Amino acid sequence: MRLINTTSLELKEFLGDPTNPRFPRYAILSHTWEEEEVTFQDIQDLDVAKKKAGFSKIARCCEIALDEGLSWAWVDTCCIDKSNNNELSEAINSMFKWYEASTICYAYLSDVGDVGVVKYGDWRYSRWFTRGWTLQELVAPFEVIIYDQEWKQLGTKRRWAKELEERAGIPRDVLLFPAVRREHSVAARMSWAKGRQTTRIEDRAYSLLGLFDIVNMPLVYGEGQQSFSRLHEAIMNTHQDDSIFLGGLTLEDESLSNLPATDPDSPTDSQGFLAMPDNVPHNLVTTLRPLPGASVGIGQRKDPRLRGNILSMNMRVIQVFSKHSRPTPIPITMKKQIELNLDPAKQKALEDLDAHNLKAEGGSLCLGFLRCGPTADRLLARYFMCFLSNDELFAYPTGLYRYVTIREVQYWPSMQCHIFLDVDIRKPFPLLESLRDVAGWELETQPSGTFNNGWSWEKLTPSNSEKGINDPKLGLVRRNTHYYQLSFPPRGQAWTLAISLEANNNISRVRGVGDTDIEVKLQCPTDSELDVQVVNSKHRTRQGPVIELCHRMPVLGGSAELVISVYYGVDAQAHYYSPMIRFRAFEASNTEQEKGRKAVSE
């Protein structure tokens, strides 16, 4: 950490933890960036630095700190070498701690004053309250002294705690005692950033790291909104707090009426699932607390897995119905259902809840338990529109919620759910991906490949050959077949490999879920004496290996077993079947074995 000497204005680097009592005491500046800020490179030459408009606030900050007996100060514009990506990343991850460990913080409101944009008495409208980075600069320090553009003291954080609570939306206890922030839910802390903006999109997420005690998240400028996805993932890995799943909640079911629920803009339609600064319900986050992990009959939540626009997590889920309408039980929920007692108008609105026509594909309304609530006996459950595919439960969150008790939730089945964070990526039919070998497993597409044993392969069809059928008896069907040619020039052999997928997504009939038929067929058109190899399977199981074809093939120097494996998985954009090709169990030919024995004897 670099500090400015308040007498000479020269920089000096200090190692160690700033919270250590032996670390130098220092003042820290909070401000909004403007034109002609003094950079790390500028301050190496004070004559150059003094020519910039931003130098005056650095000099004044150091002057006030020196008057208060502090020999050191920190200012973000010049104490960080932003041309060094490693240093910038470390500084941003550590910044909350640096503000928290400071002796005093000076908040400079450059637009407040007699000639400022904001006049005296209207300091609440300063731009300082709208910037993303100044949130942690207000919360973290024990004390903040607020100055106007002429460096006249307006007040302090502790003296103005009530007024700052009203303006910034941060509870007074957090302003007075920063460590108390940890007693507030994730959703509550996220809501404190509502309305705040940053120049760079990524900084809106990076500026919140300290609020959630995230200290090791790499910075990737240019990733855009993906920065929030990584922040959410870091929070879920750090906190056992389901309030992060309150994003987009708008209405309790007891408040339902005849709303236009089929309208995508309806209040019952979710505007997200993961909490963001602008999508968390203020009326909820001020009272909610996360449920302790050791709650009787509930158990601890396993860490969710975020993959792009799909969040996979274990959740207690139950299918809901009203006395006027009872859907076909979903098998994966052990056919358990719960009846809701609502008045006719609310029941009708609930039954019509289908903003994205999921019921036409076998979707059914369910309640998913979120481990948080105002009290231990008043917990929150969110409504989801759920559907099955390949025994996998997919869920689209709505904006509705309901209060439940632990006694009710204990009997709800706990299962793995794949929650769509963006309805536009929902694909009810599994995809058949292109063939890949082990070396190219991380590649998105691989139209051909070569092995060092003399074999090569290439795709014969440029893309999936898909055909959709809508049969009242069969339901919705998708068929995919990929063809490949495997070549072994030393023997003049050319084999044809066909991998077929037929997915029946008929959820409403028979057992309530459709099977997926997978077939792998290997044949050699160049040699009629070689047998055709075929394996097939009906898949209704979880993620992982599905089917495998093995056949002994000639290779350079001997023979090896060709293995075609098909795996099933759920990814950010869809659920899919992914085939893989490889060779194993090499056996040397008699000639090669003889050569080996001779070499050993010699």
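The model is predicted. Its sheet is open and has seven strands, in the order S2-S1-S4-S3-S5-S6-S7, with mixed pairing. The edges are formed by strand S2 (11-13) and strand S7 (153-156), each of which pairs on one side only.

**Sheet geometry and pairing**

- Neighbouring strands of this sheet are turned by 30 degrees against each other on average, direction ignored.
- Strand S3 (residues 26-30) pairs with strand S5 (residues 104-108) in the parallel sense, over four bridges.
- Within this pairing, Ala-27 has Ile-104 of S5 as its bridge partner.
- S6 and S7, by contrast, run antiparallel and are joined by three bridges.
- Tyr-147 has Gln-153 in S7 as its bridge partner.
- S6 and S7 form a hairpin with five residues between them.
- In the turn of that hairpin, Trp-151 has a positive phi of about 60 degrees.

- Helix H4 (residues 85-101) lies across S1, S3, S4 and S5, and runs at about 110 degrees to S3.

**Helix H4 in detail**

- Asn-84 caps the N-terminal end of H4, with a side-chain oxygen 3.1 Å from the backbone nitrogen of Asn-86.
- H4 has 17 residues, which at 1.5 Å a residue should span 24 Å; the end C-alpha atoms are 24 Å apart, so expectation and model agree.
- H4 also bends by about 50 degrees at Ser-94.
- H4 is largely enclosed by the rest of the structure, because 12 of its 17 residues are buried.
- The buried residues of H4 include Leu-88, Ile-92, Met-95, Phe-96, Trp-98 and Tyr-99.

**Gln-149 in the S6-S7 loop**

- Gln-149 is located in the loop between S6 and S7.
- Gln-149 has a relative accessibility of 15%; buried means under 20%, so Gln-149 counts as buried.
- The side chain of Gln-149 reaches the backbone oxygen of Ser-110 at 3.0 Å.

Note on methods:
Residues numbered from 1 in each chain as written. Predicted model: local features only at pLDDT ≥ 70, side-chain atom pairs only at ≥ 80, totals over all residues. Heavy atoms only, no water. Pairing = 2+ DSSP bridges. Helix = DSSP H or I, 4+ residues; strand = E, 2+ residues; numbered from the N terminus. Axes fitted to C-alpha atoms, helices over the stretch in contact; angles between N-to-C directions. Contact = heavy atoms within 4.5 Å. Buried < 20%, exposed > 50% of the residue type's maximum accessible area, 1.4 Å probe, protein only. Polar contact = N/O pair within 3.5 Å; in protein donor to acceptor, adjacent residues only side chain to side chain. Expected span 1.5 Å × (residues − 1). Bend = angle between axes of the 7 residues up to and from the residue.
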